[in-house]
Every structure is written in structure tokens, then in C-alpha cells.
Amino acid sequence: MASPIKIHLADDHQVLIDGLSNLLKTVSNFEVVGSSLDGTTVYDDVAADGADVLILDISMPKKDGIETLKEFKEKESPCKVIILSSYDDLKIIKEVMKLGAKGYLTKNCAGENIIEAVEAVYQEQEYFSDAIRQKIFNTFKDNPKLNQNVVIESPILSPREIEIIILIALEYSGKEISEKLFISSHTVETHRKNIMKKLNIKSTIGLVKYALKNNLINP
């Protein structure tokens, strides 16, 4: 039997910690190993309980989530961090992802996304809730070749994979996609390979043809 994913919760509201803890405990391979109410203790608390994943409120008292992330990065903690916030400001999201956060959720959707987020970041993937992912993608809306009425749905591909196809077809480089979507270059490349495998496409030209055929971009 595989070892459980150890999770630490950091928020200054005990009621939120209790609610998330009860939800996470419904998953058989999750184990909530600790919690913190004060930002100054988070790093030491996580180090002590050996958590694999930290769910961190960005507005912690005494030491906020940004400063806590900086400490985790400076000390090269192996723990994956999911930011929990009341804000969906893209500047904040960009900053925390640059500091090493692997996921970002707004508190109003945490309950419906938290299980999926923990599983994703534990597997070295970045994770954003659907609303945030769509907000990030909307920053590309001014590209004249983008079909403004595109529907990001497919029985084969995930919404993120469709977004990657669109951006490749719009001639954004892997580095540009990485920067604009706040994901690593490695993640972009992994998505590209998975897409080509799923669609049995051998080249970038094939991805462009797929995007045109499915009205993801304008000719």
C-alpha cells in the first residue's frame, strides 16, 4: 500500500482549518498531519511533521503567505505549497508562482477543488481553479487570431491542453506560454507531448492544423 499524502494546513481561522481537514480526511490516501494559525511557525511546523503538501493562507498574521513562501524557497523545502486566498489578482498569482507555489485557489471554491489540487501538486503539476485558469487565459483575448467564441471542451483533451494547443498555434514559444500561464517550462513541454500522443500528431504544424480545423483559432 502506498504511503499517504501528508498535508499541513495554515490559516488564521480555526473553523476553515477544521472544515478543510474534515473534507481532506474523506480521501483514503490523505493524512492531515498538522496545522498552523500563525505565519511565523509555518516552516518549522511543516518541517516537524514532514508534510508533503502545505495549504497556505496568503493572509496569515505576523508573517504573510508571501514571506512564508520566500522562507520555503530560501531553505529549499521539498514541501509543495498550494496558496489559498480571497483574491484572484493576477499580479499576486504571478508572484507566488515565481516564489515556488504549485497551486492557487480562491477560498470561495476551495471546497470543490482542494482534493484535485492536492493530488495534482503532489505529482509535480501546477494547479489553478477553473475560474483562475480562465482569467489567466483571458489575457490572450486581444490576439486577433484567437477565436473569441472558442469553447474549451473536448472528450479527449483537458481544458488546459486545449489552451496549450491554442497558444502553440498562435505562435507563442514554450517560454512565453510558461510565463503567461504561470507554469513551468517543463509543464508546458509535458502538456505538448501528451497532446501530440493523444491526437497522434507528429509536429507543431499538425497542432496548428488541428487548431484551425476545430475553430480554436482564426485563419
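Is Lys-75 buried, partly exposed or exposed? At 45% relative accessibility, Lys-75 counts as partly exposed (buried is under 20% relative accessible area, exposed over 50%, partly exposed in between, with a 1.4 Å probe and protein chains only). The model is predicted, so local features need pLDDT of at least 70 and side-chain atom pairs count only at pLDDT 80 or more, while totals for chains, interfaces and linings use all residues. Residues are numbered from 1 along each chain as its sequence is written, and side-chain values use heavy atoms, without hydrogens and water.

Lys-75 forms a salt bridge with Glu-71, with 2.8 Å between the closest N and O atoms (a salt bridge is a side-chain nitrogen of Lys or Arg within 4 Å of a carboxyl oxygen of Asp or Glu). Glu-71 is buried, at 13% relative accessibility. The whole structure has 14 salt bridges. In another, the closest N and O atoms of Asp-88 and Lys-135 are 3.2 Å apart. This pair links distant parts of the chain, 47 residues apart: Asp-88 is in the loop between strand E4 (80-85) and helix H4 (90-98), and Lys-135 is in helix H6 (residues 130-137) (helices, H or I with at least four residues, and strands, E with at least two, are DSSP runs numbered from the N terminus). Asp-130, Arg-133, Arg-160 and Glu-163 are joined in a salt-bridge network.

Helix H9 (residues 185-199) contains Thr-187, which is buried at 11% relative accessible area. Glu-189 and Arg-192, also in helix H9, are three residues apart, about one turn of the helix, and their salt bridge has its closest N and O atoms at 2.5 Å.
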